[in-house]
Amino acid sequence: MSKWTLGIIGGSGLYEIDGLEDRREEKLETPWGAPSDALVRGRIGEVDLVFLPRHGKGHRLTPTEVPYRANIAALKAAGVTDILSISACGSLKEEYVPGHFVAADQFIDRTFARDKTFFGTGMVAHVSMAHPVCPRLSELAAEAVEASGATLHRGGTYLAMEGPQFSSLAESKLYRQWGCDVIGMTAMPEAKLAREAELPYAILCMVTDYDCWREETEAVSVTNVLEIMGQNSAIARKAVVKLAERLSGTERTPDPNGTDTCLDYALITSSEARDPDFVEKLQVIAGRAL
Ligand SMILES: CSC[C@H]1O[C@H](OP(=O)(O)O)[C@H](O)[C@@H]1O
Ligand SMILES: Nc1ncnc2[nH]cnc12
């Protein structure tokens with residue numbers, strides 16, 4: 001039976017998860033350097049979990065400094081089958097109230113100072129990002145949040161900005177006009193790299209603020225983000241436990257959208273033109289398809 005190994009990337013305010021049996025820490029190096037921190041491994045029921053705090057313990061890394069490639073490569077090397085990201089975000093919609101959760105399913109990538117691909121000279125690949133989120137994992141995560149007592153919105157567009165400064169009023173209004181629902185600084189290129197590593201990816205956004213567009217509300221600041229997160233990170237941690245319990249003992253069938261094998265249709269460089277050293281470097285994330 002094929003088992004689930006859940007990778008959990010914890011964002012701002014989520015530097016640990018609960019309920020892990022056989023908890024142990026593992027320091028890993030990848031061809032793209034070290035991940036944000038040691039991987040925390042353990043088990044809930046029959047599901048293996050691998051947790052990684054995105055900004056490192058103590059929140060040391062800015063959204064630009066997060067080693068996204070090393071993080072995804074480390075999770076892949078650890079045998080993760082699916083990734084759930086948990087991220088703090090601002091609301092761009094009246095009805096997405098601080099304290100609510102959003103299982104976003106689309107992204108607009110406005111980041112510009114990050115390495116966004118594992119591929120390059122000697123090995124070119126173009127994966128599809130039409131549907132960047134795994135609907136199966138997203139639905140399971142949504143149910144786990146609801147079972148933990150929080151309000152959850154299914155679907156939504158996440159605007160990924162570079163940061164680390166928050167948006168100007170003009171930007172915030174523009175993103176609302178674009179139809180975006182939430183704003184954050186980290187889901188890109190994380191979701192793109194997960195796809196390149198053939199790892200289904202879903203995201204739970206914890207709404208912490210109304211960014212700066214809402215006239216009757218004070219503009220976002222770290223103080224109000226931390227306050228709301230303090231009240232809600234317990235729900236996120238509870239949801240992770242419920243998700244693992246729900247998956248425990250169930251077979252992990254192949255991803256319905258084909259992410260497990262998406263490189264079969266994405267690699268374009270002919271065998272003779274591939275750079276052997278680069279192919280070797282890619283083994284950890286793309287070995288199945290090379
Ligand atoms: C602490 S407010 C800004 C910070 O919070 C979010 O982090 P994450 O996505 O890792 O939860 C946002 O993206 C910014 O990095
Ligand atoms: N308003 C906001 N903008 C960007 N990232 C955020 N993370 C939490 N709130 C945010």
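So, which residues does the UniProt annotation "binding site" cover? Ser12, Arg54, His55, Ser87, Ala88 and Thr186, according to the unreviewed entry; the positions are in the numbering used here, feature names are shortened, and such annotations may be inferred rather than shown by experiment.

Quick housekeeping. Residues are numbered from 1 along each chain as its sequence is written, while chains are lettered from A and ligands numbered from 1 in the order in which they are written. This is a predicted model, so to speak of local features we need pLDDT of at least 70, side-chain atom pairs count only at pLDDT 80 or more, and totals for chains, interfaces and linings use all residues.

On confidence: pLDDT is the predictor's confidence in each residue, from 0 to 100, and the protein chain averages 97. The complex gets an ipTM of 0.99 and a pTM of 0.98.

Back to those annotated residues.

Take two of them. Ser12 is buried, with 24 other C-beta atoms within 10 Å; buried means 20 or more, exposed 12 or fewer, partly exposed in between, with C-beta atoms placed from the backbone. Beyond four places in sequence, Ser12 is in contact (C-beta atoms, placed from the backbone, within 7 Å) with His55, His59, Ala88, Val225 and Met229.

And Thr186? Where does Thr186 sit, buried or exposed? Thr186 is buried, with 29 C-beta neighbours inside 10 Å. Leaving out residues up to four places away in sequence, Thr186 touches Gly11, Arg54, Pro63, Val66 and Ser87.

Methods. Contact = placed C-beta atoms within 7 Å.
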